[in-house]
Amino acid sequence: MIELRKIRDEEKELILFLLEKLNSTTVGTVISELVDDYEGAKMGSIGLGKPEAVYAGDLIQVEYVDSDKVPVVITLTKDTDNQLLDLDFWKVDFSKLLVYPKPSQIIFKENYIPNSAI
C-alpha cells in the first residue's frame with residue numbers, strides 16, 4: 001500500500017531548480033503536494049505522479065556528491081501524460097543518502113545541454 005506524505009521544502013526546491021535548468025515548456029510543472037517515498041526513503045527517491053502513471057522518459061539527470069564522498073545520480077522523470085513522475089536518487093554504492101542536496105551542490109555533466117524539446 002502506498003503511503004503519501006507532504007512534500008518537503010528541500011525536495012520542492014530541488015525540483016523547481018531542475019525544471020528551471022531544463023528550460024522546457026512542454027512538461028507539466030505542477031508539483032504534487034503529496035509524494036510517495038521509494039525504498040523506505042533510503043536514498044531520497046520520491047514518486048510525484050499518480051500510482052498508475054507510466055514512465056515515459058527522463059527529463060534531466062544531474063549528479064551530487066554526498067557527505068561521505070559517494071556519488072549520487074539524480075533523475076527527474078515524466079509520465080505518458082507529460083507530467084512529473086518521480087525524482088529518483090541512485091547512490092552508486094546503494095547506501096543511504098546522508099545529506100539532501102541543495103541546488104548549489106548539483107553537478108551538471110560537462111556535455112549537459114538543456115533539452116527544451118522534451
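Visitor: What makes the meeting of lysine 12 and glutamate 33 a salt bridge?

Guide: In this predicted model, the side chains of lysine 12 and glutamate 33 come to 2.4 Å, N to O. A salt bridge requires a side-chain nitrogen of Lys or Arg within 4 Å of a carboxyl oxygen of Asp or Glu, and therefore the pair, at 2.4 Å, is called a salt bridge.

Visitor: Why is lysine 12 called partly exposed?

Guide: The name buried is kept for residues under 20% relative accessible area and exposed for those over 50%, with partly exposed in between. Lysine 12 has 26% relative accessibility, so it counts as partly exposed, and glutamate 33, at 37%, counts as partly exposed too.

Visitor: How do you know whether arginine 5 is buried or exposed?

Guide: Arginine 5 has a relative accessibility of 16%, and because the limit for buried is under 20%, arginine 5 counts as buried. Its salt-bridge partner, aspartate 37, is at 25% and therefore counts as partly exposed.

Visitor: What makes aspartate 37 and arginine 5 a pair that links distant parts of the chain?

Guide: Aspartate 37 lies in strand S2 and arginine 5 in strand S1, 32 residues apart, and yet the closest N and O atoms of their salt bridge are 2.8 Å apart. Both residues also belong to a network of salt bridges that links Arg5, Arg8, Glu11 and Asp37.

Visitor: Where is arginine 8, and how accessible is it?

Guide: Arginine 8 is found in the loop between S1 and H1, and with a relative accessible area of 38% it is partly exposed.

Visitor: How do you know that S1 and S2 are paired?

Guide: Two strands pair if at least two bridges are found between them, and three bridges join S1 to S2, so the two strands, which run antiparallel, are paired.

Visitor: What is the order of the strands in the open sheet, and why are S1 and S4 called edge strands?

Guide: The sheet has six strands in the order S1-S2-S3-S6-S5-S4, with antiparallel pairing. Strands S1 and S4 each have a single partner strand, so one side of each is left without a neighbour in the sheet. Helix H1 packs on this sheet, and its direction makes about 105° with that of S6.

Visitor: How do you know that the span of H1 is close to what is expected?

Guide: H1 has 14 residues and reaches 20 Å from its first C-alpha to its last. The expected span is 1.5 Å times one less than the number of residues, which gives the 20 Å expected, so the span of H1 is close to it.

Visitor: Which residues of H1 are buried, and what do they pack against?

Guide: Glu11, Leu14, Ile15, Phe17, Leu18, Leu19 and Leu22 are buried in H1, and the buried residues of this helix pack against S1, S2, S3, S4, S5 and S6.

Visitor: How many residues has the largest nonpolar core, and which element supplies the largest share?

Guide: The largest nonpolar core has 25 residues, and Ile15, Leu18 and Ile74 are among those with the most contacts inside it. The largest share of this core, six residues, comes from H1.

Key: Residues numbered from 1 in each chain as written. Predicted model: local features only at pLDDT ≥ 70, side-chain atom pairs only at ≥ 80, totals over all residues. Heavy atoms only, no water. Helix = DSSP H or I, 4+ residues; strand = E, 2+ residues; numbered from the N terminus. Contact = heavy atoms within 4.5 Å. Axes fitted to C-alpha atoms, helices over the stretch in contact; angles between N-to-C directions. Core = buried A, V, L, I, M, F, W, Y, C linked by side-chain atoms within 4.5 Å. Buried < 20%, exposed > 50% of the residue type's maximum accessible area, 1.4 Å probe, protein only.
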